[in-house]
Amino acid sequence: MTTSQALPFFENLNRSIVVCLNSAVATLAQTRQAHAYTLKIGVCNDSLISTKLISQYANHRCFAEADLVLNSISEPSISSFSSLIYALNKSNLFSRSLGVFSRMLSNGILPDTHVLPNIIKACGKLSAFKLEREVHSIVCKFGFDSDSVVQASLVHMYLKSDRVRDARNVFERLPEGDVVTCGALISAYARKGCVNEARQIFYGMQRFGVEPNLVSWNGMITGFNQSGNYDEAVVMFREMHSEGFHPDDITISSVLSAVGDLERLNIGIQVLCYVIKLGLLRCKFVICALMDMFGKCACAGELMKVFEETDQEVMDVGARNALITGLSRNGLVDEALEVFDGFRVYGRELNVVSWTSMISGCSQNGKDIEALELFREMQSAGVKPNSVTIPCLLPACGNIAALIHGKAAHGFALRTGIENDVHVGSALVDMYAKCGRIHLSRLCFDWIANKNSVCWNAIMGGYAMHGKAKEAIDIFHLMQRKGHKPDFISFSCVLSACSQGGLTEEGWHFFNSMYRDHGIKPKMEHYSCMVNLLGRSGKVEEAYAMIKQMPFEPDACVWGALLGSCRLHNNVGIGEIAASNLFELEPSNPGNYILLSNIYASKAMWKEVDAVRDVMRNRGMKKNPGCSWIEIKNQVHMLLAGDKSHPQRSRIIEKLYNLSMEMKKAGYLPDTKLVLQDVDEQDKEQILCGHSEKLAVAFGLLNTPPGSPLQLGGGNLATAAEHDYSNVLKLRVITCLCECLLDLQV
């Protein structure tokens, strides 16, 4: 039966079947009933009827049945294939869509302007280079290279595959442009940071008879913002305003984000006034961007004001995240925690970004124990951590040598399959190094498949931290052999390793090769490393001479490195110069005064010591007590030097006394030279017993079974030692570690 014969027959079909075949809301059962009826009366081979059946099955995502109907047609039409291709694309089944297209060509059916845009879209979604080229060839072969719709589809296909140059080549041959295609190409160039190309197309749109619209302007502004061309984004916003276009919430959100990254508060205030004038203050995106801008511009007060004056119905989870991040970024982590807890109490929506932001804020602001607790609560709340959460948590584990918690995070990464993420892997390398497990750091490093500079720098920094200069240098050379170029952080790590190992000549070699061989100009941190390297190796005068020849003014890190070297070698003259500069740069930092006081004390210059301490007293400065952590039974305990409030203090002091007596019997004498106070020897011994590291060790001995490892941390200290009550030598090792691994400043 031909189609012309079927049409009158189709009109005489059962009325319910006709309604089903032409209905957009027919149920699957009705479609199957209609299919059965067509089989019964022998019209299932008709192309028109079968095409309608294919369309109905496809609407219900029953593609197997639709494909069966298509295969049953002896002479299928292009409409039959087109219906199925369109439906498969709509369901994101692009590979199957291309398979149907291939069968269509095999049946000798040529594509038309309805099929090709769908096939081109499928290729773009799959980003399959070879298929894209083949489809483009088909377009040219069958004469569609002059069809505006097909050519515009090719432009979008190449843009989806991030092949902007190919998209531009097709665009230039378009017989007539449209605002959507122009806008897509402009946005792609802007996202890539190609300012000139984006502007050229934008201002040349009139050549195609197309006028820019709001979407075109937004594409430019958003694209420049995403590519880091924040100034260009602001300039385009001003031009948009001068051209008489009124921005929408997308425009305002993008320009506020750019202003925040530029830290141009004055422009942000102007945009805020414009927002108020346009009445966009109740838009969720605008509120979120406004809070983010104030956070980046270090205006915590204005940030809180926006939060307090905004209706909670307008505050979505994005705005809450911006508030938490903004407060943490400005060091107001306690306020951020308070706000975060308030959101939880009142049942406000929080997501993985909210929790991760709060964990990151705690980790970056010295609230390491709080970060660990938040991670536990996050999982209890049913929020699944992701590949960003783990790298934010692991620094907190490393900072307090919480090895068990770090291993738990590592286990979570393994269970969820994110251990191969380069950021997770790098964070694990750093965490294990800080916890004193450099061999585990190397294992994690070797496990990372696609290493980037962050991974290489992490393992180099770990080796430097452990004083393994040779291994750090070997990694530096291996990095280059593997085709990775060292960056400025790489040189900071290798110079630090040379400093720890006392490798002066090697340090000079790496410092000089930075610009000579790699084109990297030394920054402040590199000079700081060199000053530390020279100073630690006894060349204090040479270190001071280097500071005087620096191409920029030295900061507190550089002078601090010099002052530390003067303390190490008891150099009073240069130490006073370094301290004088530090007093100007960091007038409220008590550590600088204490270092100078210790230099005087090492030379028994007690009058000068008293003078420095009088200055500190008059300015209300106090030395922060030493702090150490020890991990016992999956819980991190913090002990402060001189802390008299600890519930086990009396037992800890008794334990330290007993250890001291046993060690003296074994021939060990405490090094009282570390006590830089004008007191007798007995008092010096008592002062040494009050150090936080020794308190932590004694606490660990009291609360763990014999033979258990002690995981001890404090500042950059991370060590593990086994204890045995019957072995005095092991006790001596533990106590020596406490004295030697830190510079004990009194």
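Asp 162 is partly exposed, because its relative accessible area is 48%; the class in between runs from buried, under 20%, to exposed, over 50%, with a 1.4 Å probe and protein chains only. The residue has a positive phi of about 60° although it is not a glycine. Asp 162 sits in the loop between helix H10 (148-160) and helix H11 (164-172). Helices here are DSSP runs of H or I with at least four residues, strands are runs of E with at least two, and both are numbered from the N terminus.

What I am showing is a predicted model, in which local features need pLDDT of at least 70 and side-chain atom pairs count only at pLDDT 80 or more, while totals for chains, interfaces and linings use all residues. Residues are numbered from 1 along each chain as its sequence is written, and side-chain values use heavy atoms, with hydrogens and water left out.

Ala 604 also has a positive phi of about 60° and is not a glycine. Its place is the loop between helix H36 (590-602) and helix H37 (606-618). With a relative accessible area of 47%, Ala 604 is partly exposed.

Now confidence. The predictor's confidence in each residue is pLDDT, from 0 to 100. Its mean over the chain is 82, and 86% of the residues reach 70 or more. Over residues 1-10 pLDDT stays under 50, and the model has 16 contacts for them beyond four places in sequence; a contact means heavy atoms within 4.5 Å. Residues 674-690 are also below 50 in pLDDT, with 41 contacts in the model beyond near neighbours in sequence. Where pLDDT is low, the predicted coordinates should not be read in detail.

Next, charges. Side chains of opposite charge can pair when their charged atoms come close. How many salt bridges does a search of the whole structure find? The search gives 17, a salt bridge being a side-chain nitrogen of Lys or Arg within 4 Å of a carboxyl oxygen of Asp or Glu. Arg 163 and Asp 166 form one of them, at 2.9 Å from N to O. Arg 163 is buried at 15% relative accessible area, and Asp 166 is buried at 18%.

Asp 334 pairs with Lys 367 in a salt bridge, with the closest N and O atoms 2.9 Å apart. This pair links distant parts of the chain, 33 residues apart: Asp 334 is in helix H21 (residues 333-345), and Lys 367 is in the loop between helix H22 (352-364) and H23. Asp 334 is partly exposed at 44%, as is Lys 367 at 21%.

Glu 377 and Arg 344 form another salt bridge, their closest N and O atoms being 2.7 Å apart. Here the link runs from helix H23, which holds Glu 377, to helix H21, which holds Arg 344, across 33 residues. Glu 377 is partly exposed at 22% relative accessibility, and Arg 344 is partly exposed at 34%.

On to the rings. The whole structure has 15 aromatic pairs. Rings of Phe, Tyr and Trp (its six-membered ring) pair if their centres lie within 6.5 Å; planes under 30 degrees apart count as stacked, over 60 as edge-to-face and the rest as tilted. Phe 476 and Phe 491 are edge-to-face, because their planes are at 65°, with the centres 5.2 Å apart. Phe 476 is in helix H29 (residues 469-481) and Phe 491 in helix H30 (residues 488-501), 15 residues apart.

Tyr 527 lies in helix H32 and Phe 552 in the loop between helix H33 (540-548) and helix H34 (556-569), so the pair ties together parts 25 residues apart in sequence. Tyr 527 is buried at 11%, whereas Phe 552 is partly exposed at 30%.

Helix H32 (residues 524-536) also holds Ser 528. Ser 528 counts as buried because its relative accessibility is 13%. Leaving out residues up to four places away in sequence, Ser 528 touches Cys 557, Val 558 and Ala 561.

Last, Phe 202, Tyr 203, Trp 217 and Phe 245 are linked into a cluster by ring pairs.
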